[in-house]
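Let's take a walk through this structure together. Have the chain in view and follow along from one stop to the next.

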Amino acid sequence: MLIEVKGINDILIMKINEKCSFAAILNELDMLLDLPIFTSDGYYPRAYFDFGCRFLQENEFYCLLQLLFSKKCILFYGISLPIKNHAIQIVYDILHNGEELHVSEDTLFLSAIHPGSYLYIENDVYFLNVVQGHIIAKNPNVKIYGQQFFDASILINDCSIHHLTTSALTSVYYKDGHIVLKEDEYEQNYSDYFR
């Protein structure tokens with residue numbers, strides 16, 4: 001059995017086997033749609049197709065829709081396909097005085113950003129170590145997250161903060177014409193409990 005059918009809230013969920021060929025799936029679906037439950041006059045159940053981790057090519061999706069249109073016995077309610085994982089770039093290298101680095105993806109920095117270094121960013125960045133250099137955002141929608149900023153400079157959309165020093169998880173972003181700093185509320189409200 002290549003297609004498992006379940007009824008949930010008046011919708012038929014058609015779970016498709018990921019390991020078989022697409023031609024075999026279409027063949028079984030063709031036979032399944034000829035069963036008496038799908039051939040009742042005036043009854044058109046809604047069907048949602050769950051392909052799991054299978055990527056469908058455009059022509060395969062077109063063949064699926066053509067089969068459904070030719071049978072005229074169910075209403076196409078939707079399809080689930082895997083989504084591409086959003087990868088984050090990881091940088092292990094230390095950025096020293098006088099060095100420049102340009103990043104265009106979401107990036108996690110595992111090492112320190114030293115004074116006098118310049119980091120040019122286009123997407124969100126995350127810092128797990130101390131940031132002491134200059135961060136220049138080329139995109140006003142970026143967010144900067146860091147645990148420890150020490151005398152750092154941040155420039156977003158022609159607004160700047162100099163000598164930024166924090167020791168709590170902080171997010172930095174641009175909003176309504178100025179740069180906003182937001183410290184993590186847990187550390188902000190409960191820091192006196194840690195001794």
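Start with cysteine 73: its sulfur sits 17 Å from the closest cysteine sulfur, the one in cysteine 63, so the gap is too far for a bond. Keep in mind that this is a predicted model. Cysteine 73 has a relative accessible area of 5%, so it counts as buried.

What about disulfides elsewhere? A disulfide is a covalent bond between the sulfur atoms of two cysteines. The structure holds zero of them. Cysteine 20, for instance, is in no disulfide, and the nearest cysteine sulfur, that of cysteine 53, is 14 Å away. Cysteine 20 is buried too, because its relative accessibility is 15% and the cut-off for buried is under 20%.

Now move along to cysteine 159, which you'll find in strand 12, covering residues 159–166. Is cysteine 159 buried or exposed? Its relative accessibility is 19%, so it counts as buried. Leaving aside residues up to four places away in sequence, cysteine 159 touches Ile154, Tyr174, Gly177, His178 and Ile179. Take glycine 177 from that list: it is 18 residues from cysteine 159 along the chain, yet their C-alpha atoms are separated by 7.7 Å.

Last stop, the surface. Here Ile88, Ile90, Tyr92, Leu110 and Leu128 form a nonpolar patch, with about 480 Å² of accessible area together. Pick out tyrosine 92, in the loop between strand 5 (89–91) and strand 6 (100–103). With a relative accessible area of 59%, tyrosine 92 is exposed, whereas cysteine 73 is buried at 5%.

Methods:
Residues are numbered from 1 along each chain as its sequence is written. This is a predicted model: local features need pLDDT of at least 70, side-chain atom pairs count only at pLDDT 80 or more; totals for chains, interfaces and linings use all residues. Side-chain values use heavy atoms; hydrogens and water are left out. Helices (H or I, at least four residues) and strands (E, at least two) are DSSP runs, numbered from the N terminus. Buried means under 20% relative accessible area, exposed over 50%, partly exposed in between (1.4 Å probe, protein chains only). Contact means heavy atoms within 4.5 Å. A disulfide is a pair of cysteine sulfur atoms within 2.5 Å. Patches are made of residues with over 30% relative accessible area and no salt bridge: like charges are joined within 9 Å, nonpolar side chains (Val, Leu, Ile, Met, Phe, Trp, Tyr) within 5 Å. Accessible areas come from the Shrake-Rupley method with a 1.4 Å probe; for residues, only the protein chains shown count as cover. A salt bridge is a side-chain nitrogen of Lys or Arg within 4 Å of a carboxyl oxygen of Asp or Glu.
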